[in-house]
Amino acid sequence: MHDPLDPCAVNSLIETPGCDPVAGRVVWDPLHSLWNGGMMAATLIAGPLTIGPAAFAIFVVTTGAGLLLGHSVGFHRRMIHGSFKCPLWLEHGLVWVGTVVGISGPFWMIRAHDLRDWAQRQPDCHDYLSNRQPMLIDAIWQMHGRLVLDRPPAFDFGRIGRDRFYRFLERTWMLQQVPIAIVLYVMGGWSFVVWGVCARITASVVGHWFVGHLAHTHGPQTWLVKDAGVQAHDVPWAAVLTMGEGWHNNHHAYPGSARIGLYPGQSDWGWRFIQILERLGLAWDVRTPEAMVGRRAALAEAGR
């Protein structure tokens, strides 16, 4: 099992004897496929009929807030990497926002992230985990399928897996859209529901896949992780939209860092939000690359 003091560890994954990131097959995932396809169909059909300035503003605000507070800060930097600490009530709130982004429940997100993270550090891994297939095939795989490895590793979610609130969210992650839809309907009718729920979820799911595909196949690099079969790339144009997650090469270099935009000019709204929490006394033990002693030995400068 991983060392909980190692900021670069794959936190939930346990390497069982003989586990293999290469051998396996992609199968249809009906739950996520129908969810993602249904949201996209509703957006494509009802979106043009209900678009308006107010509905589009709801889409922009809810999508941006969800990706910043929930996906980037709550799910990725706090729950998955533990790059800062905060009160449990705040963690619960941020993870709830991450859940209503609409990609999946918290346990599914941890498992999917950590499996990919672990596999990409190996000399080789399945194309599903490296995004190596052509864009159309990769899109179908990632949004409508799941990988079944012949010899998978095990997972232990620790405290998070025992948390009753997170277990509730995992069971009800799709139903969490219902109260949001009711509030939006009261505020602005069906146009707010279409753009504040269906279009928001579609943009988040498609954007999550698209940026992830590019971040493992194209773009500038500062660092290479030694012995890793899959290297990361930065996606500069997506940095603002992803709240700093677009600097994916930096993230592979320093995966336990709360700060992802490391260099001048690299926008990282997630980091700015964590800094605000820290000033308010709501975040502490905030980890940055400066505190990750020894990590530099695992890296090589790109191009050398």
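1. **The annotated span.** Helices (H or I, at least four residues) and strands (E, at least two) are DSSP runs, numbered from the N terminus. UniProt, in an unreviewed entry, lists residues 55-256 as "domain: Fatty acid desaturase". Its positions follow the numbering used here, feature names are shortened, and annotations may be inferred rather than shown by experiment.

2. **Ground rules.** This is a predicted model: local features need pLDDT of at least 70, side-chain atom pairs count only at pLDDT 80 or more, and totals for chains, interfaces and linings use all residues. Residues are numbered from 1 along each chain as its sequence is written, and side-chain values use heavy atoms, with hydrogens and water left out.

3. **Aromatic pairs.** The structure holds 11 aromatic pairs. Rings of Phe, Tyr and Trp (its six-membered ring) pair if their centres lie within 6.5 Å; planes under 30 degrees apart count as stacked, over 60 as edge-to-face and the rest as tilted. Y128 and W141 are a tilted pair, because their ring centres are 6.4 Å apart and their planes stand at 35 degrees. Y128 belongs to helix 5 (residues 127-130) and W141 to helix 6 (residues 135-144), so this pair links distant parts of the chain, 13 residues apart. Y128 is buried at 9% relative accessibility. Buried means under 20% relative accessible area, exposed over 50%, and partly exposed in between (1.4 Å probe, protein chains only).

4. W209 is buried at 10%, whereas F210 is partly exposed at 26%. Elsewhere, ring pairs join F56, F59 and W195 into a cluster.

5. **A charge over a ring.** The charged end of R111 sits over the ring of F155, 5.7 Å from the ring centre. The term requires NZ of Lys or CZ of Arg within 6 Å of the ring centre and within 35 degrees of the ring normal.

6. **Helix 6.** Which residues of helix 6 are buried? They are D138, A139, W141, Q142 and M143. These buried residues pack against strand 2 (24-28), helix 1 (30-50), helix 4 (106-120), helix 5, strand 3 (145-149) and helix 10 (190-215). Contact here means heavy atoms within 4.5 Å.

7. **S83.** This serine lies in the loop between helix 2 (53-80) and helix 3 (88-100). S83 is buried, with a relative accessible area of 0%. Leaving out residues up to four places away in sequence, S83 touches R77, G256, S257, A258, D285, V286 and R287.

8. **Salt bridges.** There are 10 salt bridges in the structure. Each is a side-chain nitrogen of Lys or Arg within 4 Å of a carboxyl oxygen of Asp or Glu. R78 and E91 form one of them, with the closest N and O atoms 2.8 Å apart. R78 is in helix 2 and E91 in helix 3, so the bridge ties together parts that are 13 residues apart in sequence. Both R78 and E91 are buried.

9. **D285 and K85.** The side chains of D285 and K85 meet in a salt bridge (3.3 Å, N to O). The partners are 200 residues apart: D285 is in the loop between helix 12 and strand 6, and K85 in the loop between helix 2 and helix 3. D285 is exposed at 52%; K85 is partly exposed at 41%.

10. **Positive phi.** D285 also has a positive phi of about 50 degrees although it is not a glycine. D227 has a positive phi too, near 70 degrees. D227 is found in the loop between strand 5 (223-225) and helix 11 (248-253). D227 is exposed, with a relative accessible area of 70%.

11. E301 and R296 form a salt bridge (3.5 Å, N to O). E301 is partly exposed at 30%, and R296 is partly exposed at 39%. Shared partners join R77, E245 and D268 into one salt-bridge network.

12. **Cysteines.** How many disulfides does a search of the whole structure find? It finds 0; a disulfide is a pair of cysteine sulfur atoms within 2.5 Å. For C125, the nearest cysteine sulfur is that of C19, 13 Å away. C125 is buried at 2%, and C198 is buried at 14%.
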